[in-house]
Amino acid sequence: MGSTLRIVNGRVYDPANDVDGKTRDICIKDGKIVKSVPPKTKCIDAKGMVVMPGGVDIHCHIAGAKANIARKLQPDDHRRDVHHRLDLKKVNTRSGTGGTVPSTFTTGYRYATMGYTTAMEAAVPPLLARHTLDEFDDTPVIDKGFYILMGNNVLLYQMLQEGRHEEIRNAVAWWLNATKSYTTKLVNPGGDEPWKGHRNATITQLNDKIDGYEQLTPRKIITSMVNTVEDLGLPHPVHIHCNNLGHSGNYKTTLETMKATGGRRIHITHIQFHSYGGKPNENPTSKAPQIAEYINNNPNITADVGQVMFGRSTSMTADAPLAWMLTRYSNDKRWVNADTECESGCGIIPFAYQEQVYTHALQWAIGLELFLLSKDPWRMVLSTDHPNGGTFTSYPRLIRTLMDREFRKQQMDSVNQKAVAKIKRGHHMEREYTLQEIAIVTRAGPARILGLKNKGHLGPGADADITIYDEHEDKELMFSAPRYVLKSGHLIIDNHEFRNNHEGKILHVAPGYDEGIKDVIRPFVEDFYTIKFDNYAVSDHYIPRHEVVPTAKQ
Amino acid sequence: MGAATEAKSEANIKTVENATCTFCGCLCDDMVLTVDMDAKKITKAKNACVLGKALFLSHEEEDRPFALIDGKPATLKEGVEEAAQILANARFPMFYGMSDTTCEAQRQNVALVDMVGGTIDSTTSVCHGPTGMALQGVGESTATLGEIKNRADLVIYWGGNPAESLPRHFARYAVTAKGMYTPNRKKDRTIVNVDVRRTKSVPVADIFIQVKIGADFELLWALRALVKGRHVDPNIEKRTGVSLETMKDLVERMKNCRYGVLFFGMGLSMTRGRHFNSAAILSLASDLNEYTHFIATPMRGHGNVTGADIVVSWQTGYPFGVNFSRGYPKFNPGEFTATDMFARGDADAGLILASDPGSNFTQAAIDHMKKIPMIVLDPKLTHTAKLARVAFTTSHYGINTGGTAYRSDGVPIELRPCLDSKYPSDEEVIRAIYKRVEQLLKTRKKTKGTNNKRRKAA
């Protein structure tokens, strides 16, 4: 690869820089986008094509202990979807398997061949961070980072119970450094203690007392972490998987959670799963209009949708009580539970969303409602909670569903009609996403929410992660097969063919903290974990290629 | 390695704290090693058990050639060339072992087998491979060992003898360990042992249940029935050697504990019933979650056998017994597991990494290994190394080489080596072979399947 390149004649969609389909040249030097390059630079002629920044996945489950158990669990899922290695004489790639939880190499290649160049693994117990980084090292092409699970951390519980807020801030900063992670994630905050310690119970109200901690409630955990992350100035706010995921009537919990933050920034993830009306243990109804309205009116809130796509999925989550609940509705007998000491739970079950099942069709429709009712695409971005709602390889189909009213109507007509009847009718159902809006919900928006200043746009200084699509009526076809994909300036996909391998980097934060906090964490780890404190923190060997994304204070 | 953990004194004695012992699946990471750097010996291994002491204190770097080709000393480069030629020309090479090396070496090994289109298997297939297959059938409810230490009030050992094979299992994790909700250690727990004989692990148990040889599955299935409130014929005692009353008592204890755990060993996975036994015990634990929190987890032997499962899974989607001859991974235990491949005479070359199948595979498998060109990487001159075409001497992981190992519960630990070695690591040798094979394959004119020369030779 030469170090300079120019993309000419393409119609550029770069919403972060207010470029909406204009023909512009894009210049690349040393892996970055620059203002200009010498006139004789090698060119890609993108005439008749659409140029966008590389896709950014804000929430997926692609690497680490939980993903790997899900792989081991499902040979049936891999054998029907294999990934060949390419001809060694052309390019040295690795083989692998796909399905809902692809092997690491396949994950990297498939994101790249779809035009995505950054992905964030959304749930990692800090103790197992090394495992995620090991897998990331074998996940080619894309840049990636991960969020650490902090909503059921027993040491933080003890600190919060005693109101040691200063120590909490230092401890969270230490943990982010020790694991090389990107932000903190709360999953069903407070739910693990009853799950592990009280015969598989869970917690359902934000003001419920947590087992064994008189002063603690999910609300306190949420507000404490929101404040902590804001104080640390992390580029991405707390990433919250609310309590009561999947339960009928949970929209109240979701609204309460959003209100609890008092105007501070939070990101509510896979919000579709948290937008249900109805009574517990009865069929859900849609409360998407209420949720969408609240988000439209409150600029401190961002969300990703967590769209359900019909077909096979794997439900894998740190929300162990949820997976246990889902075993009642799954026609697959397999269930995995995996507790991580002092930090997290985990549940995995193979699942399938079916058009004719009322709840599944409603979940699908609620996701679409959220997209169509959202007034600010920068704050309601695309995800399927891969592989929970559907796999990341279904994004092109989802994009077509958003862009193509007729296609959407056809699908609406073919799914469970009782479910469709529950959806609010109105002008919004006619909405068609524009290419610019798609560029926002799949790249510019996630990058901005993540605080990744070099991603999701094509202005000077940005990483040269670029996708070039043939313009096509069928948007599913268009978005599933870009003609060119560049990662850090390297031409990975050239004229639809995979030409170059590339190793992406780890994106992580390194907020400052008071070294004295180690003396607080050390005795706890020595007493209640099973590895030595000095063996806990991940060394730099695990991040050979990385970028520290600065906090607001750095 | 952290500078804070190393301190030198005048006598050239070094202390390495928080080192990890790779002898067994416990992967204890609290070793304090005293190293005489001049003598290149570990003189003390504080906190090590009897097995760990044997590993560390007997460690000695033998003065052997870097490689042997047909038993004759060779340089590393010659060894790499010979190994690369074997692999580049093999049609159905079998890769095996991996349980006593780092994940970094395992990862390179899978890369190599992927490139040559061979078959890969780990020692898992002769220990808890059936448990991996059971997982694929029924799932599992599991936990890291710290959660068990902190919470478990009922601990059941079944078909395993940790007192002898995982000596610190009781003290660090499950019996006398002090945890958050088990401050009084053993007093806060009920320990049950189920086995066909009175092993050395039995004395620590509050309850010992002796099951007839070959009747584990029946006992487990009867327990499942009782948990679900089904009728069980009292004649079950004749088959299992365990009375219905004993079973009912155990079931009550299981349903009424707060956090129960079933640790099981090769007494289940490698006896009559194999993956059915493992599936039965995993299912029993899952069933019990209707009543309380319950875990089942295998006890693994080799230091990094769990890492082998984990690495092969993330790279291929399958844990062991994986074939690449069609250019993508296929999984089929029995077809692609090493002992079967060798015994049937399928493999036309072999690469054995950090394992000694020559000492424990069936005679038919060993006889075939003697006939084909074998490549072996090991710090010691093992039985397998003796029958190899190319035998590399490599450094010892955890002692000479750093890297990652996964504990039996999947917790990854970074190793802290304490002594240099003149020998390369497994990873370095595999990388060198990879590089050379890549060159050979890229420049080869014909594809493997149509090589007339080989056809004539056959």
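**Close-up views of a predicted model**

**View 1. Strand 19 of chain A pairs with strand 21 of chain A.** Strand 19 and strand 21 (residues 347–353) of chain A run antiparallel and are joined by seven bridges. This view, like the others, comes from a predicted model. At one of these pairings, A:G311 has A:Y353 in strand 21 of chain A as its bridge partner. Strand 19, which covers residues 311–317 of chain A, has six of its seven residues buried, so the strand is largely enclosed by the rest of the structure.

**View 2. Strand 20 of chain A pairs with strand 9 of chain B.** Here the pairing passes from one chain to the other: strand 20 (residues 335–339) of chain A and strand 9 of chain B run parallel and are joined by five bridges. Within this pairing, A:V336 stands opposite B:E140, a residue of strand 9 of chain B.

**View 3. The side of chain B that touches chain A.** The contact between the chains draws 51 residues from chain A and 59 residues from chain B. On the side of chain B, the elements that give two or more residues include helix 3 (103–116), helix 4 (129–138), strand 9 (139–143) and helix 5 (145–151), and also helix 13 (305–316) and helix 18 (426–443). Helix 5 of chain B gives the most to this side, with six residues. Sorted by class, the side of chain B that touches chain A has 23 nonpolar, 23 polar and 13 charged residues.

**View 4. Helix 10 of chain A packs with helix 12 of chain A.** Helix 10 (residues 288–297) and helix 12 (residues 358–373) of chain A pack with their axes 9 Å apart and at an angle of about 35 degrees, in a crossing that is right-handed. From helix 10 of chain A, the residues A:A288, A:P289, A:I291 and A:A292 meet A:I366, A:E369, A:L370 and A:L373 in helix 12 of chain A. The residues of this contact divide into seven nonpolar, no polar and one charged.

**View 5. Chain A as the setting for the close-ups.** Chain A has 18 helices and 28 strands, and its C-alpha trace spans about 70 × 55 × 45 Å along its principal axes. A compact globule of 554 residues would have a radius of gyration near 24 Å, and chain A, with 22 Å, agrees. Of the 554 residues of chain A, 60% count as buried. Among contacts in chain A between residues at least 6 apart in sequence, 76% join residues at least 24 apart.

Note on methods
Residues are numbered from 1 along each chain as its sequence is written. Chains are lettered from A and ligands numbered from 1 in the order in which they are written. This is a predicted model: local features need pLDDT of at least 70, side-chain atom pairs count only at pLDDT 80 or more; totals for chains, interfaces and linings use all residues. Axes are lines fitted to C-alpha atoms, for helices over the stretch in contact, and angles run from 0 to 180 degrees between N-to-C directions. Helices (H or I, at least four residues) and strands (E, at least two) are DSSP runs, numbered from the N terminus. A crossing is left-handed if the near helix is turned anticlockwise from the far one by less than a right angle, and right-handed if clockwise. Two residues are in contact if their C-beta atoms, placed from the backbone, lie within 7 Å. Ala, Val, Leu, Ile, Met, Phe, Trp, Tyr, Cys and Pro count as nonpolar, Asp, Glu, Lys and Arg as charged, and the others, Gly among them, as polar. The radius of gyration is taken over C-alpha atoms; the globule rule is 2.2 Å times the number of residues to the power 0.38. A residue is buried if 20 or more other C-beta atoms lie within 10 Å of its own, exposed if 12 or fewer, and partly exposed in between; C-beta atoms are placed from the backbone. Two strands pair if DSSP finds at least two bridges between them.
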